[in-house]
Amino acid sequence: MKSVLRTRSLPGLLAALALAALTVLWAVPAPASAATDVSRIAEALRESPVYVDPAAAAQLSSGDAAALAERIKDADKALFVAVLPADQPTENLLRNLRTATGVTGLYAVRVGDRFDAGADSSVLPTAAVRNLVTSVQGESDAKTQLDDFTDQALANMGGSAPASWGSSSDGGGVPTGALVTAGAVLAAGGVGAYALVRRNRRRHAEEQRAALEKLRVVVDEDITAFGEELDRLDFHPAEPGADDAMREDYEHALDAYEKAKSFMASAQHPEEVRAVTQSLEDGRFSLARLAARREGRALPERRPPCFFDPRHGPSTTDATWTPPSGSPREVPVCAADATRLADGRDPVMREVDTDLGRRPYWDAGPAYGPWAGGYFGGGILPGLLIGTMLGTMMATPAYGADYGSGYGDFGTGGYEGGDVSGADFNSDDFSGGFGGGDFGGGGDFGGGGDFGGGGF
């Protein structure tokens, strides 16, 4: 035994020790109970994002399950999906599954024809989870329901996929779970903890860079559109009829244009985009004042830009608008969109590119919060965005920490999506739902709660 230990490399020795420890654990007979079943599900989810119980194979084919798992892996998100038979005990199922899996993420579970989900708030806030569950609650076909939920969840959740989903390293056939266990043991020491912090910081920086690049495309379009407005204005400070007030408005608009370009060029983080759109909003209001002076009209009051597309300029009135699956609210609109709404037509909405195609900015993910915040200011955003995906995100601590424009209180968690946290997580994030039989939407369905019938 001593000679074997002397000839093995350190990585091989660690893997062997981890395998030996797991072998001992596996050799201990587990009691036949719901907890054992959850442990088995968790073990499978640490290896792959989708688990289909053999007794529930009729709900989701192996091919469909493999395709779903591949889509989740390609998105690099910690989304776990389990399909279980109808007689699976559901009391505290989400909480117990999260505990047994030990990975920060979003957990979606279908039991028979019932569906629910729970997530660590650092990955997806509780309100967003409820809204997503609501949106697929009525779908009876398992494939359709899970596909739709996955598409929406991947577009909005944070974090990265757990390392255990990757291919195993040179471990002589040692299961990935064993290497993760060995890693967890090492992480208990200072070196492992330091490596975990460095990885989290690197991942956070990468996510912020990706968010900024998404914003850069949209903001560059806005800056270009404002520059074209200045060109079309055809105002000359020395033209007949021009006065000092007109020249001041014009100079203010030019300054705002230059500031917007400068702010965007120097932006290093998504939250810095707020200053860019603030400058553009300010410049457009100056143009509106200049146009009124030249035409001899009363000066406009200071109003927020058109909600549907800030490039439409300052709003002229408020109008009632109801988003899909949402509740009516008053939003500031330009004259053209006010006419469209009065005629029963759709307004001209600002759409942006997402992984799922073109979508209105308020349903395109959390990165657009600073962009919207610069145009509308934090004070009116909650009322405008309530019931939309962006509004849900901005009201959370995780959003406020990442992008600096949320309107909730910030509380740190320490683990991001894909991190191995074991049982160190906020159990309230996974409360309700399956527990006690109050199934669906985190416990808000079936009881006429605030999130019944659409969630907004």
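Rings of Phe, Tyr and Trp count as a pair if their centres lie within 6.5 Å, taking the six-membered ring of Trp. By this rule, the predicted model holds 18 aromatic pairs.

**Figure 1. Phe 307 and Phe 376 form a tilted aromatic pair.** The ring centres lie 6.1 Å apart, with 50 degrees between the planes. Phe 307 belongs to the loop between helix 11 (273-295) and strand 5 (317-321), whereas Phe 376 belongs to helix 13 (residues 369-376), so the pair ties together parts that are 69 residues apart in sequence. Both Phe 307 and Phe 376 are buried.

**Figure 2. Tyr 361 and Trp 371 form an edge-to-face pair.** Planes over 60 degrees apart count as edge-to-face; those of Tyr 361 and Trp 371 stand at 65 degrees, with ring centres 4.8 Å apart, so the pair falls in this class. Tyr 361 is in the loop between strand 8 (357-360) and helix 13, and Trp 371 is in helix 13. Both residues, Tyr 361 and Trp 371, are buried.

**Figure 3. One aromatic cluster includes the residues of both pairs.** The cluster consists of Phe 307, Phe 308, Trp 321, Tyr 361, Trp 362, Trp 371, Tyr 375 and Phe 376.

**Figure 4. Helix 6 (residues 126-136) is largely enclosed by the rest of the structure.** This description applies because 8 of its 11 residues are buried. Among them are Val 129, Arg 130, Asn 131 and Leu 132.

Figure 5. At the start of helix 7, a side-chain oxygen of Asp 141 comes to within 3.4 Å of the backbone nitrogen of Lys 143. Buried residues of helix 7 include Ala 142, Leu 146, Phe 149 and Asn 156.

Methods: Residues numbered from 1 in each chain as written. Predicted model: local features only at pLDDT ≥ 70, side-chain atom pairs only at ≥ 80, totals over all residues. Heavy atoms only, no water. Buried < 20%, exposed > 50% of the residue type's maximum accessible area, 1.4 Å probe, protein only. Helix = DSSP H or I, 4+ residues; strand = E, 2+ residues; numbered from the N terminus. Polar contact = N/O pair within 3.5 Å; in protein donor to acceptor, adjacent residues only side chain to side chain. Phe/Tyr/Trp six-rings, centres within 6.5 Å; stacked < 30°, edge-to-face > 60°.
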